Amino acid sequence: MDKSSNAHQNAAEKAKTGATAKKAMFRLDNKVAIVTGGASGLGRAVVELFTEQGARAIIADINDARGAEVSEAVNALGGKALFIHTDVTQADDMRAVVQYAEQTYGRLDIMVANAGIVGTASTKILENVEEEEWGHIIDVNLNGVWRAFKYAAPAIRRAGGGAMTSTGSLSSRHIVSENFLGAYTASKFGALGLTAYFASELFGDDIRVNCVNPGGMLTNIYESAGWSPEQYAAWKKGLEDTLEQGNKAVFPVADPREVAMAHLFLCSDEASFITGQSIDADGGGFVKMFSAGARSVFGS
Amino acid sequence: MKHTFSSRGARYFYEDIMVANAGIVGTASTKTTENVEEDEWDHIIDVNLSGVWHAFKYAAPAIRRAGGGAMTSTGSLSSRHTIAAWNLGAYTASKHGVLGLTAYFASELESDNIRVNCVCPGGMATNIYESADWPPEQLEVFLKGMAATKAQGRHAIYPVCDPREVAMAHLFLCSGEASFITGQSIDADGGGFVRVFAAGAKMTF
Ligand SMILES: NC(=O)c1ccc[n+]([C@@H]2O[C@H](COP(=O)([O-])OP(=O)(O)OC[C@H]3O[C@@H](n4cnc5c(N)ncnc54)[C@H](O)[C@@H]3O)[C@@H](O)[C@H]2O)c1
């Protein structure tokens, strides 16, 4: 938090002293963005980064306490963020938040469909996952991206074009069969395919649609697994230790801000010729982990 | 989140850079692959693939001495796809190779804080077809076609961009903003690959 507030102040100072005060100073000046799951983890980092870059951000999340905290933190630094309670499993909520953006700011330029969970489905093998556990993770991780894009596209079209991104995962393209990620993997493969397909339908409207696939990140996502406090604490400690090792770790863990940078790139005009693509931001972790496995199997 | 930025300092703080971008289509790209001559084959592989290896091989120690940095190569849509339209057999072999080489280099340089990524452009208006050694009339027709497509902007089936739009992907990957991205590739094709395929599907079905 400390450093990001500095970045914000630096940015604000540059804006004041800049000679070309009238010109766009930041990469997302005048842009209006909705970030689902923006109250925590990667979504929070996206909200912070986008507002530092001049965007007005709407945090669309179900966690009211964290949503309020993020918007206050951003606003305290001179950024513009608002929290709107939004459940991505509810079509009415998605429709309403898009409407809110247009009514309040007159436009919507960017949708970041980032809300995601591991859920209790990620505590057991696939054949033991219950119907409602399956239904819930698919509803948030896959259907939630569909709703976000479905309701945002007409508004972004009215604004004359823009960009949308989703948050996938390494599990969007790989089978990481360690942590009961079967339903999660199905949802994330689906989100990637959906994102690329959406891109093909929106070419003609100047709406670019891309996906960011994070590797390891220290966020609150495992709260959704419903683990015991001890299990959760052990998991968190493991991630913190790995984060400390930096990129020397076999599977490096990122500060979510490093991954948010890929969303920023893809949502900015710098990515004007990039649509229907995905970027893995994993610090090389997938290759390193596979190689570690290969060495252990075949001897180094 | 007390660790938030300490780790970023440890990871890829410095960004000193090699962009391995030189590439040709060569005379190899004027004939079917079985008719390509030995020296034509060698030349395109030498420039497009071995050239990237040389660039990375000699830059890596210097970037390591600088404390880390980033390298990028320029691939092509032909790095992952087979675009069977312009005698691109040798070119495709070289560009698939570039992508594999780039990703492999990344795995060897992670612990040195050197990130290595690839940018795969789609249509760009450049001078690359000069290397095909076509008769001037053919080159002129080709360049006119490119210019006409470029004029259609984003809505062309296979859009042609200003190289600056693709250079943006190199900039991103070589900057500190891509600190957690290594061994990856980004296609910058304006959606052209998917649209060309869709045009083929429409014709067929
Ligand atoms: N943490 C990782 O290692 C990791 C790795 C790969 C991908 N991801 C993906 O990153 C994205 C962000 O997750 P995170 O790691 O920041 O987790 P997080 O739990 O810190 O943040 C996710 C946010 O989504 C919100 N959310 C959950 N269900 C919602 C719903 N129905 N409607 C609206 N908001 C909802 C949560 O309240 C939370 O604020 C997810 O899509 C996740 O799958 C995370």
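Visitor: Is A:Asn247 buried or exposed, and what is its relative accessible area?

Guide: Buried means under 20% relative accessible area, exposed means over 50%, and partly exposed is in between (1.4 Å probe, protein chains only). A:Asn247 lies in the loop between H7 and strand E8 (253-254) of chain A. A:Asn247 counts as buried because its relative accessible area is 3%.

Visitor: What kind of model is this, and how are things numbered?

Guide: Residues are numbered from 1 along each chain as its sequence is written, chains are lettered from A and ligands numbered from 1 in the order in which they are written, and side-chain values use heavy atoms, with hydrogens and water left out. Local features need pLDDT of at least 70, side-chain atom pairs count only at pLDDT 80 or more, and totals for chains, interfaces and linings use all residues, as this is a predicted model.

Visitor: Which residue's backbone oxygen does the side chain of A:Asn247 reach?

Guide: A polar contact is a pair of N or O atoms within 3.5 Å; within protein, one must be able to donate a hydrogen and the other to accept it, and residues adjacent in sequence count only if both atoms are side-chain atoms. At 3.1 Å, the side chain of A:Asn247 reaches the backbone oxygen of B:Glu110.

Visitor: How much area do chain B and chain A bury between them?

Guide: Contact means heavy atoms within 4.5 Å, and 41 residues of chain B are in contact with 43 residues of chain A. Buried area is the accessible area (1.4 Å probe) that two parts lose on being put together, summed over both. Of the area here, 60% is on carbon and sulfur atoms, and chain B and chain A bury about 3,600 Å².

Visitor: Which residue of chain B meets A:Arg27 in a salt bridge?

Guide: Side chains of opposite charge can pair when their charged atoms come close. A salt bridge is a side-chain nitrogen of Lys or Arg within 4 Å of a carboxyl oxygen of Asp or Glu, and the count between chain B and chain A is 2. A:Arg27 also belongs to a network of salt bridges with A:Glu270 and B:Glu177. At 2.6 Å, N to O, the side chain that meets A:Arg27 is that of B:Glu177.

Visitor: Where do A:Asp241 and A:Lys237 lie?

Guide: The side chains of A:Asp241 and A:Lys237 form a salt bridge at 3.0 Å, N to O. Helices (H or I, at least four residues) and strands (E, at least two) are DSSP runs, numbered from the N terminus. The two residues are 4 residues apart, about one turn of the helix, and both lie in helix H7 of chain A.

Visitor: What kind of aromatic pair do B:Phe56 and B:Phe105 form?

Guide: Rings of Phe, Tyr and Trp (its six-membered ring) pair if their centres lie within 6.5 Å; planes under 30 degrees apart count as stacked, over 60 as edge-to-face and the rest as tilted. Both B:Phe56 and B:Phe105 are buried. Their ring centres are 5.5 Å apart and their planes are at 85 degrees, so the pair is edge-to-face.
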